[in-house]
Amino acid sequence: MTKIIHDSLGNLLPQAESADIALLLEGTFPYVSGGVSSWVNQMIRAFPEYTFALCFIGSQPKDYQRMSYALPDNVVHLETHYLYDFTAPVNKSAIKRETGDPAAFERSAKMHVAMRNPAMRGTAGKLLQQMMKDLRPGGALTQDQFLHSEASWKYITEQYRQFCTDPSFTDYFWTVRIMHDPLWKLAMVAEQLIPAKVYHTVSTGFAGFLGALLRYRYNRPLLVSEHGIYTKERKIDLFQSQWIRDNRDIFERDVSQISYFRDLWVRFFSALGQMCYDAAEDISALYEGNRLRQVIDGAPEAKTRNIPNGVDVRGLMPLRAQRAENIPKVLCLIGRVVPIKDIKTFIRAMLTVLREMPEVEAWIAGPEDENEDYALECHSLVDSLQLGEKVKFLGFQKVSELLPKVGVLILSSISEALPLVVLEGFAAGVPSVTTDVGACSQLIYGLPGEDAELGAAGRVVQIADPTSLAHAALELLRDDEAWYSAQRAGIARVERYYEQDQMVATYRDIYTRLSAMPDLAGAD
Amino acid sequence: MVRPESLAQQHDEAEPHLPFWLKSLAWLAAGLGLLLQALVFAIGLHAKSGVLVMEICLAIQALAASLLAFAGAHVLPRHLRTPLRWSWVHLWLITFCIPIAGVAILLLARRIAAAFPKLAIDLPIEFVVEPQFATDLVANVSYGRSARLRAELKNVDADASYRMTALMAMQSMPSRTVSPVLRSMLNDPLDDLRLLAYGMLDKQEKVLMQKILLERPKLLLPLTQVERFAVNKTIAALYSELIYANLVQGDVYRNAADQADVYAAAALEIEPLDAALWRLRGRLALVLERFDKADQMLQRAIACGFSRDRLLPYLAEAAFLRGDYPEVRRLMADLKRESTPMLLPILHYWTP
């Protein structure tokens with residue numbers, strides 16, 4: 001029986017008492033649009049025989065005002081949790097002085113020792129399983145004990161003296177508190193989430209950690225489907241972030257050593273990823289490069305596999321007939337206007353393209369509201385390069401209406417996994433010029449063997465290289481023979497290897513197998 | 001600071017190894033010496049007292065002391081047995097005068113001595129010739145750090161975290177030096193490294209672009225001529241900084257040079273005697289391959305008071321690119337007066 005409630009922002013949240021599959025979603029569907037969200041939407045709709053519960057994890061409610069997708073009918077339950085939605089400061093007198101359970105802190109200490117030692121990876125995982133019970137409300141190491149007990153203070157100060165290379169204890173203390181606080185929130189989420197036969201997370205990180213908690217709490221299998229590699233992306237963010245303090249003075253600072261707090265955050269997210277991999281029954285990646293990366297990051301190889309994305313080729317096929325006789329002199333980038341898509345490189349490439357072929361137009365089709373500052377920078381760049389007449393921002397567009405008018409699809413991203421938009425372009429008869437990221441090279445040139453023999457479905461260039469991007473696009477626009485050859489290769493490749501039915505069939509097997517599994521061994 | 005224990009350790013490590021046979025012989029002598037001293041004890045306890053017995057005991061004791069002194073002189077660390085002759089005498093006397101216990105005292109003394117810091121004179125340190133400061137190399141030396149980081153970055157076989165750290169370390173270096181290295185990392189096989197290099201490049205470019213975007217709208221406001229001049233000059237400098245820091249390539253590079261020139265020209269319309277702006281326009285004309293214009297603008301800069309000596313290399317470059325080699329030689333001859341070590345090879349070539 002499904003009830004509907006409204007959240008504080010007026011969104012409709014269906015509520016049920018149980019579901020077949022619980023999807024654990026961190027910062028994605030249904031509140032954020034993008035590749036992963038489209039995939040989640042596609043997956044839920046492809047399995048009408050299963051009911052889905054969605055557990056959305058975000059940072060703060062203000063970042064997720066409204067849903068970007070309509071919920072499919074088989075989503076029977078949706079709950080939202082915000083990890084950095086801090087409640088108003090409590091009355092100090094309400095804080096109880098705690099002594100802390102020494103045995104629980106001893107277990108925590110042992111786990112941290114094991115985490116520091118790469119040779120003790122397995123031990124750390126087992127110790128965490130044992131500690132799951134401690135983190136639950138009423139357990140031996142509750143959030144209150146972590147925040148207010150003497151044992152916690154003693155442990156944190158000891159760890160600071162023993163390991164911290166940053167001189168500020170204050171920063172160390174608050175970093176440790178802020179870093180670990182979400183773990184208890186997730187433990188609370190795990191306690192009250194409705195029962196499901198299978199837990200399915202689409203990333204590691206906090207959602208993956210929640211998956212591990214649920215796996216050990218209810219002994220039901222966990223499936224991990226990673227698109228990008230969460231730990232890697234977090235690491236890049238952390239290396240570039242400005243908010244992490246480095247208090248070393250000129251004499252203490254060794255430029256070849258990253259700051260202690262930065263390293264601590266990186267290790268924290270690596271540990272979350274490791275715990276998720278340890279708890280999972282099945283781990284999937286979109287392509288071989290990412291699968292190998294998962295293994296390097298600690299995923300047991302036997303649990304890993306590749307399940308490439310697929311698109312509805314039959315649904316997109318009619319778009320080929322809608323194409324004009326001549327190749328449209330339009331380069332189109334379909335994607336959110338965000339830094340990871342490196343829209344600026346595409347804009348810069350247009351300087352070269354227009355110098356050599358003034359009739360070309362550039363379209364940027366994607367929502368601009370996710371990172372408004374970046375969108376503004378892109379518009380300003382267009383103005384400063386005086387490309388306003390030729391570079392057009394179209395906002396969100398339906399690909400079915402857009403693709404027949406496009407000559408070459410451009411993907412200038414600095415990071416991708418296996419981009420659906422390139423496959424959709426192939427299915428609609430549009431070749432692509434992409435950067436050499438993720439599985440793009442595999443999509444354009446094919447994997448060695450029969451796939452590669454189909455030919456090149458476009459061109460691949462280095463990231464952040466506007467000149468190469470421009471020349472690759474011009475090569476296809478100028479040479480009809482090269483363009484048609486790329487179109488043929490793209491259509492053949494997507495029809496043979498990236499049909500949505502193949503992906504759905506693989507997941508159907510996994511869902512069927514995991515749902516039918518008897519309860520697994522517990523953490524105790 | 002190096003702690004005393006580690007100095008002692010270094011010293012012991014520096015001790016030359018004895019040949020096996022000599023070491024064995026020393027230990028054999030020590031054993032035999034102790035055995036003989038035990039024999040003297042036994043004789044003293046059981047034999048009747050008498051001069052002969054006393055003499056025999058003293059003789060055996062002397063022999064035992066000699067054997068123990070031989071052993072000690074070979075087994076003890078070198079710094080405890082120099083000068084050699086006196087250390088022999090010392091060892092002999094102590095083992096002669098205090099049978100059995102003498103050896104124990106020696107071993108105890110050895111332990112105590114090891115606990116004390118060693119004198120610097122004992123350390124294997126040699127005097128070397130005082131280094132000379134090579135002033136002529138100042139401009140060419142990259143002081144190791146940058147070179148080491150570059151080598152670490154380029155080594156694709158090195159551990160990923162090691163290379164990431166090397167890249168991170170580059171953040172503290174000037175953009176102009178780092179940008180080409182970062183650009184070369186954009187096709188690195190390691191995804192993390194590519195992304196980090198991109199992020200660093202993007203951040204540097206973004207800082208300058210944001211300043212430009214902040215300045216440009218000011219020109220739409222009603223400004224005094226002085227203010228308008230200042231804004232145009234700032235924007236010109238920011239665009240040329242994009243070029244100087246190697247942050248723009250290809251057509252974007254040309255566009256940045258064009259933009260810098262446009263804003264510099266606008267500033268010069270207000271203040272035609274700004275020598276620094278004429279110099280900037282001269283350099284931009286060189287970049288844009290307008291060599292005659294470059295020459296004219298650099299001459300204007302000199303006429304407005306810019307030091308001719310500092311502009312000679314650019315004038316020579318413009319002449320060279322125009323193919324006017326006699327002019328290059330003439331300018332080089334002027335430059336010789338102000339030569340710097342870096343320019344010496346070029347000056348030798350042009351003005352033999």
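Start by selecting A:Leu25 and looking across to strand S4 of chain A: the bridge partner there is A:Phe56. Strands here are DSSP E runs of at least two residues, helices are H or I runs of at least four, and both are numbered from the N terminus. Next, pick A:Leu23, which has A:Leu54 as its bridge partner in S4(A). These residues belong to a parallel pairing of S3 (residues 19-26) with S4 (residues 52-58) in chain A, with six bridges in total; two strands count as paired if DSSP finds at least two bridges between them.

A word on what you have open. This is a predicted model, with local features needing pLDDT of at least 70 and side-chain atom pairs counted only at pLDDT 80 or more, while totals for chains, interfaces and linings use all residues. Residues are numbered from 1 along each chain as its sequence is written, chains are lettered from A and ligands numbered from 1 in the order written, and side-chain values use heavy atoms, leaving out hydrogens and water.

Stay on S4(A) and show its side chains. A:Phe52, A:Leu54, A:Phe56 and A:Gly58 point one way, A:Ala53, A:Cys55 and A:Ile57 the other, and all are buried (under 20% relative accessible area with a 1.4 Å probe, protein chains only; exposed is over 50%, partly exposed in between). With seven of its seven residues buried, S4(A) is therefore largely enclosed by the rest of the structure.

Now zoom out to the sheet. Seven strands of chain A make an open, parallel sheet, ordered S5-S4-S3-S6-S7-S8-S9. S5 (75-82) and S9 (304-306) of chain A are at the edges with a single partner strand each, so one side of each has no neighbour in the sheet. On average, neighbouring strands are turned by 20° against each other, direction ignored. Contact means heavy atoms within 4.5 Å; axes are lines fitted to C-alpha atoms, for helices over the stretch in contact, and angles run from 0 to 180 degrees between N-to-C directions.

Cross over to the other chain by selecting H8 (residues 230-240) of chain A with H9 (residues 191-215) of chain B. Their axes are 10 Å apart, at an angle of about 35°. Among the contacting residues are A:Ile236 and A:Phe239 of H8(A) and B:Leu195 and B:Met200 of H9(B).

Next stop: H14 of chain A. Its 13 residues reach 18 Å from first C-alpha to last, close to the 18 Å expected at 1.5 Å a residue (the expected span is 1.5 Å times one less than the number of residues). Its buried residues, including A:Tyr374 and A:Leu381, pack against H13 and strand S12 (391-393) of chain A together with H9, H10 and H11 of chain B.

The buried residues of H11(B) include B:Val252, B:Tyr263 and B:Leu268. Their cover includes H13 (343-356) and H14 (372-384) of chain A, along with H10 (225-244) and H12 (275-287) of chain B.

Finish at B:Ser87, in helix H4 (residues 84-97) of chain B. B:Ser87 counts as buried at 9% relative accessibility, and it touches B:Leu80 and B:Arg81, leaving aside residues up to four places away in sequence.
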